[in-house]
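I wrote down each thing as I looked it up.

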Amino acid sequence: MAVRKIKKDVYAVGAIDWDRTLFDEIIPLPDGTSYNSYLVVGSEKTALIDTVDPEKENELLENLSELNVERIDYIVSNHAEQDHSGTIPKILDAYPMAKVVTNEKCKGFEKDLLLIDDDKFITIKDGDTLSLGNKTLKFVFTPWVHWPETMSTYLVEDKIMFTCDFFGSHIASSDLFVKNDAKAVEDAKRYYAEIMMPFRMPIRSNLKKIEGYDIEFIAPSHGQVYDKPELILNAYKEWVSEDVKNKVVIPYVSMHGSTERIVNYFVNALIKRGIEVRPYNVITSDIGEIAMSLVDSATIVVASPTVLVGLHPTAAYVLSFINAIRPKVKFGTFIGSYGWAGQSVNQAKALTSNLKVEMLEPVLIKGYPKDDDFKSLENLAESILKKHESCEHIKL
Ligand code: FEO
């Protein structure tokens, strides 16, 4: 990534990863990603805020060289995960006078993960400040977005909040600042769904904390910089609220067509009742899109045939993922087919123990669906409609 100026003596010096297709070996990255690192040059001291994934260490070093940076006094580390901290050892090699400024927890992680010596750290507490001369850094602890040590750093004079993963997006773009608001929120929603959604409650209190600052720019460590902070703050407020939409998500898999027929019929039964519905064939779907769809859905209905007396293994995998990301769905149930016997419903319940849902009566159908089965599916659609109509968190 070319060096770009955010404000006087504040530069984006990180790297764009145009070609990365998978994160954490599970999360699809349809638009690549970036590892943003920021250089703040004060009248007396210079600070680098976060680094980049080790794959891109040369880009960061070249960017610093392009700016003729001869001295880095502080490497502020907002988060210990290696896509932001992994190049700290290289920076310490190149700038031996630098100290890593972070909180006690992050220091512990970085000693374990990156083998950085204890004497290289300066530990700070929530609310502490660090003077760079004419610029001041203030540390704002924002734990559990998405690790326990995560924090943000506020550049007081320039009103920039550097938030690391918080408000991030996996997007590779040549635009430093958000240009297309709708696209930016969509990208951030995918990131929220996959990374942040399990931490909805701590994010609520961290949002309040961040909103207490006078912010001109939100500069995360993935994706673009927000020069209209309210865009992402308002989106996050909605996502972490209890509000859900009159919407049903149906992750499904079908082997010989019975479950597909059940799902197609059920989708139409919901549409007829004015309910938004989105089926996902889990064999071919992007798991990130399923996650995004669950950010604001009221109901999840899982559909699977019976394989070796249980769920289809791909349905079980997707349910395990959904259980891990903890969407705020309010209602759930199961539909599907079986041949002679099955434990799919019990298995689905066990795999989704993190979801705080009211379970509705499942519809299990022997073989291909028949007239009575279609009536059962109509009854389930009607039951979902009634639940949605009486739910205080849905605006119909
Ligand atoms: Fe972008 Fe939690 O690392």
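Which residues does Leu 270 touch, not counting residues up to four places away in sequence? I had to keep in mind that I was reading a predicted model. I listed Val 248, Ile 275, Val 277, Ala 381 and Ile 384 as the residues that Leu 270 touches once those up to four places away are set aside.

**Entry on the core.** I then looked up the largest nonpolar core, which has 111 residues, and found Leu 270 among those that touch the most other members, together with Tyr 38, Ile 75, Tyr 192, Ile 250, Phe 266 and Leu 294. Helix α5, residues 181–196, gives the largest share of this core, namely seven residues. I noted that the core lies between domain 1 (4–240) and domain 2 (248–388), because both domains give residues to it. My general reminder is that in soluble globular proteins nonpolar side chains tend to be buried together.

**Entry on helix α4.** Which residues of helix α4 are buried? In this helix, residues 104–114, I found that they are Cys 106, Lys 107 and Glu 110. Looking down the axis of α4, I saw that its buried residues fall within an arc of 100°, so they line one face of the helix. On the face of α4 turned away from its buried side I noted the exposed residues Glu 104 and Asp 112, while the buried residues of α4 pack against α2, α3, β10 (99–102) and β11 (121–123).

After α4 comes Leu 115, which I placed in the loop between α4 and β11.

**Entry on two loop residues.** Is Thr 87 buried or exposed? Thr 87 lies in the loop between α2 (82–85) and α3 (88–94), and I recorded it as buried because 30 other C-beta atoms are within 10 Å. Leaving aside neighbours within four places in sequence, Thr 87 is in contact with Thr 51, Val 52, Pro 54, Glu 57 and Leu 60. Thr 51 is 36 residues away along the chain, yet its C-alpha atom and that of Thr 87 are separated by 5.7 Å.

I looked up Asp 73 next, in the loop between α1 (57–66) and β9 (74–76), and noted that with 18 C-beta neighbours inside 10 Å it counts as partly exposed. Apart from neighbours within four places in sequence, Asp 73 is in contact with Lys 45, Thr 46, Ala 47, Met 97 and Ala 98. From Asp 73 to Tyr 95, 22 residues apart in sequence, I read a distance of 8.2 Å, C-alpha to C-alpha.

Methods. Residues numbered from 1 in each chain as written. Predicted model: local features only at pLDDT ≥ 70, side-chain atom pairs only at ≥ 80, totals over all residues. Helix = DSSP H or I, 4+ residues; strand = E, 2+ residues; numbered from the N terminus. Buried ≥ 20, exposed ≤ 12 C-beta atoms within 10 Å, placed from the backbone. Contact = placed C-beta atoms within 7 Å. Core = buried A, V, L, I, M, F, W, Y, C linked by C-beta atoms within 7 Å. Domains from an automatic or database assignment. Arc of directions from axis to C-beta.
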